[in-house]
Amino acid sequence: MSLLIAVWVTGALWADPAHRASGVNSGDQAFFEWLLSYGAYAVTHGADPLFTHLLNVPDGVNLAVNTSITVYAVAFAPLTILAGPTATFLAILTLNLALSAFAWYRLFARHLGAAPWAAAVGGLFCGFAPAMISHANAHLNWTAQWVIPLIIGRCLLLIRRGRPVRDGAILGLLIAVCFSIAAEALFFTALALGVFTLVWALSRRAETRTLLRPALTGLGTAALVAGALLAYPLWLHFLGPQGYHGTGFDPKVHNEDLAAYAAWPERSIAGALGLNAKLAANPTEENSFFGAPLLLLVIVGLVLLWRRADRAHRATLRGLAVVAGVFTVLSLGPELRWLGRLTGTPMPEALVGGLPVFNAALPSRLALIVAPVFGLLLAWLGTTLTRHRAHPATAEPTARPADSGPAADTESSADTAATRSATPGRPLPGPRWAWLAAFAVALVPLFPTQLSARDRAPVPHFFADGTWRQYVADGGTVVPVPITNDLLPDGQRWQAAALADAAGAGEGVFRLPAGFFLGPGGPNGTGRIGPIPRPTQTLLEEVAKTGTVPPIGEAERAALREDLRYWHGSIVVLADDVHGAHWPTYQPALLQTMTALLGAPERVDDVWLWRTPA
């Protein structure tokens with residue numbers, strides 16, 4: 001089921017991968033395609049997977065402070081070489097959604113005691129929550145939520161069976177994988193588990209003392225394993241060249257609107273009916289958007305579960321409620337936003353937003369933690385609807401005797417012992433059909449519609465067929481027109497094609513000036529997208545955006561010559577179709593501008609080409 005829904009969501013992109021791209025975030029898609037190609041190239045050429053000079057000549061790019069998705073790039077390198085980065089991108093995006101739903105289902109059913117059908121409902125909600133569909137607009141990092149329930153499940157096993165060293169080692173491996181794919185998500189998960197554990201421990205002090213030793217043993221082992229695997233990435237991340245501290249994005253822009261929690265997302269049945277309020281900073285950041293019916297159902301369900309729970313299970317429910325509340329409040333950023341306007345009301349995030357690590361996270365994304373809490377409550381609420389005398393299990397960790405026999409070494413027996421009944425067997429008030437109707441009213445409007453897609457010209461034959469090698473030596477610089485950035489991603493796509501080809505054929509590649517990446521140069525030591533633009537980059541971006549050809553004189557030509565020397569440019573290339581990620585572009589104006597700067601171009605294959613002056 002989850003795979004079918006994932007294929008449906010991404011169907012508009014699968015219809016024609018070579019000519020279609022994300023309708024609202026084609027720039028990020030080009031960036032992730034580049035990462036996949038570079039990873040394949042690094043594997044076959046022994047290059048550093050976390051730092052490269054192929055981009056942003058001459059300074060290079062620290063990929064450890066970007067979303068490097070190294071695990072994906074290495075694991076899917078054969079597919080990238082065989083079918084190209086676009087096919088790999090779509091395969092990972094589709095699998096991310098499907099596996100995330102399945103992983104949450106497995107956590108709820110196997111470790112947290114939900115009935116299978118109820119766990120499926122909760123898992124599908126988590127895997128295709130509004131935030132997941134929003135980030136499916138080209139974010140391979142945030143849609144890789146499948147690793148989070150694996151981490152949570154392994155944390156539970158640390159204290160549910162007597163093998164903390166083995167489980168801790170596996171946990172360390174999962175932490176390293178998550179850091180590689182989505183370091184920000186790993187930070188959020190650790191923060192949420194820390195808040196939950198603190199609340200639970202204060203409520204269950206006796207059990208906490210019993211569980212402290214295996215927990216510390218397992219976490220210590222996990223820290224050693226993860227530390228060994230991540231030593232170099234962490235050094236690059238915090239101390240390496242081309243690094244930065246803080247993203248530089250304005251937290252008062254990328255904070256969640258309080259009204260968005262009761263609104264419906266754009267890519268949903270409700271959104272298709274025109275019920276989306278457009279309260280997000282952009283279409284990829286609808287991080288809450290649960291809709292009023294679901295909020296009501298979760299609140300009522302939490303109250304009813306609480307009233308039917310014993311003291312042990314109430315500690316778990318209290319921890320979940322506090323986690324949801326804390327992350328909801330923090331997601332609102334340093335200043336409360338309501339219905340699209342800042343209100344001037346200060347919020348708690350202002351106290352922590354400037355701290356190390358916190359300053360690298362966008363406040364609105366903290367709302368991503370709320371969805372799994374809702375999913376678990378839905379699973380437990382659905383389990384109660386079965387009206388069985390067997391009670392829904394909880395996240396309540398239960399100490400087990402050290403000498404409990406061979407069965408202690410199996411996950412199933414550990415889970416059975418640790419998820420004994422903690423809630424009364426009384427069914428929920430009212431007829432079952434009324435509750436099923438409430439589930440339908442809350443969840444059906446959130447069912448996702450297909451992601452939007454737009455036309456995108458394929459990579460020119462000049463690069464796809466390797467013709468560029470006749471004009472550029474291995475390691476030479478191709479200067480694309482316009483210069484590549486997040487708004488004009490074509491150059492990075494050209495290099496991605498060359499990287500994938502070189503990974504399979506064992507040949508070299510060209511370098512690019514600038515590019516789409518995060519690096520230093522923002523205010524107060526924070527990061528920014530791409531390098532500080534040089535004069536030619538600014539000039540060509542303005543022409544591409546406006547279609548206006550400015551007066552070209554000796555000053556502009558001198559600036560271009562200086563920029564070409566700085567970039568070590570070999571050739572300058574303009575394609576027939578220039579892709580703008582967020583606005584239309586004007587290729588004829590670019591051709592006219594470049595002709596005024598460098599003279600008449602050569603026509604080679606399907607591109608216009610200028611050889612750089614000596």
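In helix 11, the buried residues are Leu211, Ala215, Gly218, Thr221, Ala222, Ala226, Leu230, Pro233 and Leu236. Before I go on, please keep in mind that this is a predicted model.

What do those buried residues of helix 11 pack against? Their partners are strand 3, residues 61-62, together with helix 9, residues 147-160, and helix 10, residues 164-203.

Now the shape of helix 11. It runs over residues 205-239, and its end C-alpha atoms are only 40 Å apart. A straight helix of 35 residues, at 1.5 Å a residue, would span 51 Å. There is a bend of about 65 degrees at Leu230, with Pro233 following within four residues. Both Leu230 and Pro233 are on the list of buried residues I opened with.

Next, a helix pair. Helix 1, residues 2-9, crosses helix 6, residues 85-111, at roughly 145 degrees, and their axes come within 8 Å. The crossing is right-handed. On the helix 1 side, the contact is made by Ser2, Leu3, Ala6, Val7 and Val9. Helix 6 contributes Thr94, Leu97, Ala98, Ala101 and Phe102. By class, that contact has eight nonpolar residues, two polar and no charged.

Is Ser37 buried or exposed? Its relative accessibility is 0%, so Ser37 counts as buried; the cut-off for buried is under 20%. What does Ser37 touch, leaving aside neighbours within four places in sequence? Ser37 is in contact with Thr80 and Pro85, and also with Ala496, Leu499 and Ala500.

Notes: Residues numbered from 1 in each chain as written. Predicted model: local features only at pLDDT ≥ 70, side-chain atom pairs only at ≥ 80, totals over all residues. Heavy atoms only, no water. Helix = DSSP H or I, 4+ residues; strand = E, 2+ residues; numbered from the N terminus. Expected span 1.5 Å × (residues − 1). Bend = angle between axes of the 7 residues up to and from the residue. Buried < 20%, exposed > 50% of the residue type's maximum accessible area, 1.4 Å probe, protein only. Contact = heavy atoms within 4.5 Å. Axes fitted to C-alpha atoms, helices over the stretch in contact; angles between N-to-C directions. Left-handed = near helix turned anticlockwise from the far one by under 90°. Nonpolar A, V, L, I, M, F, W, Y, C, P; charged D, E, K, R; others polar.
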